[in-house]
Amino acid sequence: MKDVIIIGGGPIGIACALECKKNNLDYLIIEKGALTNSLFNYPKNMTFFSTSEKLEINNTPFISNNPKPSRDEALEYYRRLATSNHININLFETVKNMSKTDGCFEIETTKSTYKSKNIILATGFYDIPNLLNVPGEDLQKVTHYYKEAHKYAMQNVVVVGASNSSVDAALEIYRKGGHVTMIVRGSQIGDRVKYWVRPDIINRIEEGSIKAYFNSEIIKITKNKVTLKTVDGTETITNDFVVALTGYKPNFNLLNQLDIKLSNDNKKQPVYNNNTMESNIKGAYLAGVICGGMETHKWFIENSRIHAKLIIDHIKAKS
């Protein structure tokens with residue numbers, strides 16, 4: 001019987017583990033992929049919006065060569081934290097079912113079954129993409145993740161969305177020789193795009209280097225074309241690849257397994273106590289991005305790293 005089982009081995013899951021160690025709690029992290037799996041799957045050349053000190057956990061300095069740290073620097077930082085502190089983590093192990101009986105949580109995974117007095121869900125949101133739900137979305141040329149630009153050189157590439165990830169992909173593919181068309185549902189590039197990048201993409205669109213359709217959406221994808229619904233009517237363009245970066249959502253299935261309540265609106269925000277991060281189910285805590293439900297822009301590493309101490313303090317107070 002563990003004191004705490006943490007689902008998710010990202011930065012916030014690691015922060016929770018380190019707080020458990022400080023308080024001599026018997027804990028285990030269960031992570032379905034690699035360490036900090038979401039960060040690992042970010043684009044190779046991604047730069048964080050936050051400065052390095054805002055990504056620090058456990059009062060351990062994060063030294064970066066740049067004002068804004070890169071993906072690789074973050075992977076190195078969190079990997080060093082995990083290995084130097086010898087955190088107890090099972091990687092590449094997926095949670096299948098969770099339940100609570102007589103005050104005890106039972107977690108069934110692809111490798112074993114565990115029991116714990118408390119459970120922390122720190123699962124992030126990067127693994128389930130928001131689909132376009134259009135014909136042809138299942139074609140091999142369509143992806144909801146972007147890693148690097150080389151594959152798209154000299155190709156006609158549609159990038160869907162106007163968020164940070166969409167803008168970064170569009171600019172990088174353009175600069176590696178791809179012919180980029182952006183499809184944006186709204187009327188402009190998103191306000192939350194990194195302030196040093198937003199003018200760049202606007203200028204590239206205005207000069208015609210990148211074609212952009214605003215107030216538009218894809219209605220059909222075929223092997224060599226994409227059909228759009230625009231303000232001027234339906235239009236079909238030649239296309240080799242579609243990079244649909246339309247956002248992601250938390251794994252609500254895990255919340256439902258524990259009967260954690262969600263708000264009755266499109267936000268689907270889980271119910272929890274702001275002071276303790278405990279959900280409506282006693283002993284079940286939420287940490288990190290998952291706290292925002294569908295509002296995945298609400299919580300980041302920099303503003304949710306405090307969740308770890310709130311949770312462990314409450315667990316210690318109970319015991």
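Predicted model: local features only at pLDDT ≥ 70, side-chain atom pairs only at ≥ 80, totals over all residues.
Q: What makes β8 and β15 count as paired strands?
A: The cut-off is at least two bridges found by DSSP. β8 and β15 (residues 241–244) have two bridges, in the parallel sense, so they meet the definition. As for who sits where, Thr143 stands opposite Val243 in β15, and Val142 has Val242 as its bridge partner there.

Q: How do you know that β9 and β15 pair too?
A: Those strands share four bridges, again parallel. Pairing takes at least two, so they qualify. On this side, Val158 stands opposite Val242 in β15.

Q: Why are β8 and β11 called edge strands?
A: Look at the order first: the open sheet runs β8-β15-β9-β10-β11, with parallel pairing. β8 (142–143) and β11 (211–213) each have a single partner strand, so one side of each has no neighbour in the sheet.

Q: What makes helix α4 a helix that packs on the sheet?
A: Contact means heavy atoms within 4.5 Å. Helix α4 (residues 164–175) touches β9 (156–160) and β10 (179–183), and its direction makes about 160° with that of β10.

How values were computed
Residues numbered from 1 in each chain as written. Heavy atoms only, no water. Axes fitted to C-alpha atoms, helices over the stretch in contact; angles between N-to-C directions.
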